[in-house]
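This report concerns how two protein chains meet, and which residues take part. Please look over the sequence and the structure first.

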Amino acid sequence: MTATMPPNANPGLRRLNAFRFSSPQTFYPLAGKILPYFAWAAVVLGAIGLYIGFFVAPTDAQQGEAYRIIFIHVPAAWMSMFIYVVMAFWAAMGLVFNTRLSAMMATALAPTGALFTFLALWTGALWGKPTWGAWWVWDARLTSELILLFLYLGFIALHSAIEDPRRADKAAGVLALVGVVNVPIIYFSVKWWNTLHQGASVSLTGAPTMAATMLAGMAVMALAFWMYAIAAALARVRSIILERERQSDWVHEYARSLK
Amino acid sequence: MIKTLRLVIHRDLLLALRRRADVANSLLFFVIVVSLFPFGVGPEASLLRAIAPGVLWVAALLAAMLALARMFAADYADGTLEQMLLAPAPLTVVVLGKIVAHWLLTGLPLVALSPVLALQFDVPADAIGVLVASLALGTPVLSLIGAIGAALTLGVRGAGVLTALLVLPLYIPVLILGAGAVDAAAAGLDASAHLMLLGALLLGAAACALWPVAAALRIAVE
């Protein structure tokens, strides 16, 4: 027996390691280190996705070239909903474990989510004009996407209206959770109210009703948007960390090291 | 717990009785907003009949929303809320009491007044019955959801506008179902599906809305 120290000597220490990066101080450099990878992945995947979308994917039989905006529109709409769920998840983590970083993450995700929601609405308007003949129709999906934008803006507005950042985190967290419960209700009520939008072309259960190259383009663009969302959220959370922790020693040291 | 509930409701009703103007104001607001629409779109009876369900419902929604600021603000300002949080009774029961009192003071008068306004818009008689039923089921949901917004914005600058921003998107399902029920009845269709869904919303909101309100109050007072 030559081992000087048995493995798992200190389970407490190991558990501590798992949560090591939940402290803003340790997460800040980590975020700075991984940020470029996500940013580059977003650029590369975006280039591939747009190439597939513009040059490889065939022209649509009914809608002609106008349909190509789908490669921005659908991934943006997916991300707008996905980011809301992720934001609510971090808000819940922040409320349950009372961790500052979780709430900062939720705050950092909100503007990116709102951006994608706006992008989905805007590209939808650009797509609707040639195909439906109107910039905007009061259709179920458009309307629920608009309400999602309101929910994002409400989250941001509530957070910025409260002076004390910890109270702002918690109040906005409760709002995000209330919103996530309400989103399905709003979606179905709006759907019963009125529907014109084409049904989902991609579903997990049935065979997709579109060409494989179109689907590939959309998937690659969705990945690109996902990577962009992570990179943007990390960059924003780094700024939030510095702003909130400006009283602490490590930020002062970091600021001195930059000079 | 029932005793606490009764106590809170009784207290809030008594306070409102001492200051009757508050209750009358939001009712007056409802009447004025509804009366504005004929000036805006013209006095043509068929048009007014067509827009009546939406107009009445949107006006009721705005009136309910304007009254939200009163739900916790006074108790927050004079420290009563802090005592309620410290009290041994569960906070959700206190919250329920306050919401019920708020609905009795703002929702119920709206329900009672709506048939008169519906007559002004020449809504058919059986649709008026559905309107009253839909408002009776829908306005408690407005109070329940609105309480979350009111509690979250407690003591925040610009609370009034902020509450509207937070709460109005969440009100949309109630508006759709409520106005839809009256629309269906006016078109001679069966409105029971809409009313049942409104009832489901009411039960769901009653079951789920109290905890976020209690959490928000704790955050506000902390």
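The sections below cover the basis of the model, the contact between the chains, a pair of helices, and salt bridges.

## Basis of the model

This is a predicted model, in which local features need pLDDT of at least 70 and side-chain atom pairs count only at pLDDT 80 or more, whereas totals for chains, interfaces and linings use all residues. Residues are numbered from 1 along each chain as its sequence is written, chains are lettered from A and ligands numbered from 1 in the order in which they are written, and side-chain values use heavy atoms, with hydrogens and water left out.

## The contact between chain A and chain B

Chain A gives 23 residues and chain B 22 residues to the contact, where contact means heavy atoms within 4.5 Å. Together the two chains bury about 2,000 Å², of which 77% lies on carbon and sulfur atoms; buried area is the accessible area (1.4 Å probe) that two parts lose on being put together, summed over both. Of the area that chain B buries against chain A, 27% is supplied by B:Leu152, B:Leu170 and B:Ile219, more than by any other three residues.

Between the chains there are two residue pairs in polar contact, both at pLDDT 80 or more; a polar contact is a pair of N or O atoms within 3.5 Å, where within protein one must be able to donate a hydrogen and the other to accept it, and residues adjacent in sequence count only if both atoms are side-chain atoms. On the side of chain B that touches chain A, the elements that give two or more residues are α7 (125–152), α8 (159–186), α9 (192–208) and α10 of chain B, with the largest share, eight residues, coming from α8(B).

## Helix α6(A) against helix α10(B)

The axes of helix α6 (residues 165–193) of chain A and helix α10 (residues 210–221) of chain B come within 9 Å and cross at roughly 170°, which makes α6(A) roughly antiparallel to α10(B) (angles over 145 degrees count as such). In this pairing, A:Arg167, A:Lys170, A:Ala171, A:Val174 and A:Val178 meet B:Pro212, B:Ala215, B:Ile219 and B:Ala220.

## Salt bridges

Over all chains the count comes to ten salt bridges, each a side-chain nitrogen of Lys or Arg within 4 Å of a carboxyl oxygen of Asp or Glu. Between chain B and chain A the count is one, and B:Arg157 and A:Glu163 meet in a salt bridge at 3.1 Å, N to O.

Methods: Axes fitted to C-alpha atoms, helices over the stretch in contact; angles between N-to-C directions. Helix = DSSP H or I, 4+ residues; strand = E, 2+ residues; numbered from the N terminus. Parallel < 35°, antiparallel > 145°, perpendicular 65-115°, else oblique.
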